[in-house]
Amino acid sequence: MSILYILIPLALLVLGAAVWAFFWAVGSGQFDDLDTPAMRIVLDDDTKPADDP
Amino acid sequence: MNDVQACFHCALPVIDQRYTVDISGAAEAVCCPGCKAVAELIRDSGMSRYYSLRDAPEPGVGKPEESAGEWEIFNRDDMLAAFAGVNGRRAEATVYVGGMYCTACSWLIETSLGSVAGVSDADVNPVTHRLRLAFDKTQTGLGDILAMLAKLGYHPQPLAPESTAAPELLEQRTALKRLLVASLGMMQVMMFAVALYAGEFKGISADMERFLRLVSFFVTTPVVFYSARPFFAGAVRGVRSKHPGMDLPVAIAIGGAYAASVWSTFYDGPAVWFDSVTMFVFFLTVGRFLEMRARHRSIDRSVALSSILPNTVLRLDGDTESTVPANQLIAGDMVRIRAGEPVPADGRLVEGTTSVDEALLTGESRPLRKTAGDSLLAGSVNLDRQILLEVGSTGVDTTLGTISRLSERARYTRPAFVRVADRVASYIVVAILVVATLVAVGWGIAAPERAFEITLSVLVVTCPCALALATPAAFAAAGSRLSLLRLLVTNGDAVEAISRATHVVFDKTGTLTRGQPRIAETRRLSERYETDSLLEIAAAIESASTHPLARAFQAVAAKLPASDVEAAIGQGVSGTVNGKRWYLGRAGFAAAGPHAEAEDDDRISVYMGDGEKLHAVFLLDDEPRDDAERTVARLRAMGLGISLMSGDRKPAVARIAARLGIDRYAAECSPQNKLEQLATLQDAGEVVVMVGDGINDAPVLSGADASIAPAHSALLAQTNADVIMLGEQLAPVVTAVEIARRTLTIVRQNLAWAILYNVTALPLAVAGLVPPWLAAIGMSFSSLIVVLNALRLSRMGATDRVAAA
């Protein structure tokens, strides 16, 4: 069981990294729009207009 | 209900069958050349899927405006400087996109702008309706981009750079971070808590127990000090202002449990409550987050005020005319206002005679005649002809600005509203903690070896999650149900306020009525022509006119061709049909000779004659909506008092009131009057729901306990309303009250269940009869029941929609 003394702090480090990454993502505006991305995955399959590069 | 086809693009009824558009191989009927052009543009850009993905459109939303050259001037450098940040060749601007109503719209805008050469970034936020643009100003102009948006049927409005900071975006970011910290923290602490519970059964070393507590402490600390900070801040604010709200017990519960757990962690106390703390914070944060999202759906204030006014004006400097941004006007400027344009500032009419539409500002349903020397109000619309205005006051100093300030003040004086459910929940949390501490101390003296296990059971069995969930779950379910029924809730408290309403106040113009004149009666004044043929001729002539009264004749299909249609300013319109000259308008204009203008009642009379003799008079009237009478009757049957407050003239108000069976009505009310009457009602103990659409209703909308505004209403009214009602009908008001009442019933059931469960389980746990594992099952079970009960709301009301359709 003594392995827990290492594994749990390690898990907390990973948790801290995840929180940091999320804060960074929020700060850079990736979560500003919570509605459109859900739609976009459906929409991108559409036929592209002819003049679209 | 009727077999009139709805326009494929904008969903307005198709009156003229001439226009069709070919989408995916099928010919779809559209109502006008404008919609045809938009639909073809969308099809030709390969974006026909927009039509299958969008939500059902609001009738009229998306119909393009008929202004063509207006956007050109935004290509000029001085206009660009006023509305965009320029850095070398790169320009950045923010545009408010009016007429967006679903996420498919933001896709359409982003995709079509993405294919414009020079546009490097086009980002639409469907919540705030703002488009962030970055483009190369040598390749394309702001005006071209705005024109493109207008061509797609939206109503773009460039925002001045200082009003582009979006506080709601920052608020959402912070709320998201708080939510994430709380949810991750809760999951982690719950895992450690499971280990600690398991240790109770199978034995755990004292070192490991201390270690797990310490780890829980580390994870809980940011949850308490970061995620729960708004609750502490709210509690402090409440104590300082001597009006402690529901944040105080919440803060005591969180702070107390946390402090006790910290003490236990470092001094080997009987138990830690870190799991309860994080869970409580998490559920509260989720509730607040959902509420915030709903609140952000309402349109923001700065846009609301400026969207009524024009972007640009024609200013006269000596003999030269120049187009300048409207926000650069100062008192004393001379401004030319063409027919159909809104008045940009309060001021005096210097030159010209015209009539103006002040319906949104005052509720007056008739156009008002203005001659030189009369004062004009910012936000009213110049109807007849070009005029010259001397600017008196601008911006916040105008009548429009005053109304906006009045409504902000009214919001602060709104009756204090504390959710019963939340208050009950937070007091119970405090009670649980007190009981748990007493149990720990009591058993610690009586039987120290069992004290830990029993305290644990007490805490788990009475876990506040069912209580914390009881209200947010029900309100979230109600919110999603209401939005499916075309009612957007922008204020979380509104649902409960509506459920307790005792009185509904309606506005007249535009709310109970359509806000547009219709032909109420046709009187023949000679025997020579049939009524129908007179109507057809009138419709033919009026269909070529742009005067707002001409819209009344749209209901009659114009089958005959009219030629040489001429508008005589302030008099009427004339035209030739079948070789005969006809005159429509004032009596003296329609036929020579003296006539008594029989404006016997409040209706507008339009005379028709051939220049020599009067043949008919059309009485135009602002008719009540189809379902107004039924809605009023149904609300009354639900036990609600009904009254009518209007800024319109007394006869018009009295007639509508009589027709709909409303005996309490007030006419010629100023926004201030309306507020005073509202206060009288509220002082008498009534819980008032206001339904209104005008700018003059905005103060009452924010002062009422809850307020509903139709989606077509003035933006200022919408920002002050708690619920926005989509569609052309009034029936959603009834639906809102029904669903709100059911929601409160569900909340009460949930609370009753949670309290009953706690009250029965608590003595058993205190007596030491409930082992921790059974307590855990009981806790989960009670939460599940609460959530499932709330979800019943999502299925309710489906029958209402069928009935309303």
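Two strands are said to pair if DSSP finds at least two bridges between them. This criterion applies to the predicted model shown in the views below.

**View 1. Parallel pairing of strands E27 and E28 in chain B.** Strand E27 of chain B covers residues 688–691, and strand E28 of chain B covers residues 706–710. The two strands pair in the parallel sense over three bridges. B:Val691 has B:Ile708, in E28(B), as its bridge partner. Strands of a sheet pair through backbone hydrogen bonds, in either a parallel or an antiparallel manner.

**View 2. The open seven-stranded sheet of chain B.** The strands follow the order E17-E29-E28-E27-E18-E25-E26, and their pairing is mixed. Strand E17 (487–489) and strand E26 (664–666) of chain B form the edges, each pairing on one side only. From one strand to the next, the twist averages 20°.

**View 3. Surroundings of B:Leu377.** B:Leu377 lies in the loop between strand E14 (375–376) and strand E15 (381–382) of chain B. B:Leu377 counts as partly exposed because it has 16 C-beta neighbours inside 10 Å. Apart from neighbours within four places in sequence, B:Leu377 is in contact with B:Val343, B:Asp346, B:Glu358, B:Leu361 and B:Thr399. The C-alpha atom of B:Leu377 is separated by 7.5 Å from that of B:Thr398, a residue 21 residues apart from it along the chain.

View 4. Among contacts in chain B between residues at least 6 apart in sequence, 67% join residues at least 24 apart.

Conventions. Residues numbered from 1 in each chain as written. Chains lettered and ligands numbered in written order. Predicted model: local features only at pLDDT ≥ 70, side-chain atom pairs only at ≥ 80, totals over all residues. Helix = DSSP H or I, 4+ residues; strand = E, 2+ residues; numbered from the N terminus. Buried ≥ 20, exposed ≤ 12 C-beta atoms within 10 Å, placed from the backbone. Contact = placed C-beta atoms within 7 Å. Axes fitted to C-alpha atoms, helices over the stretch in contact; angles between N-to-C directions.
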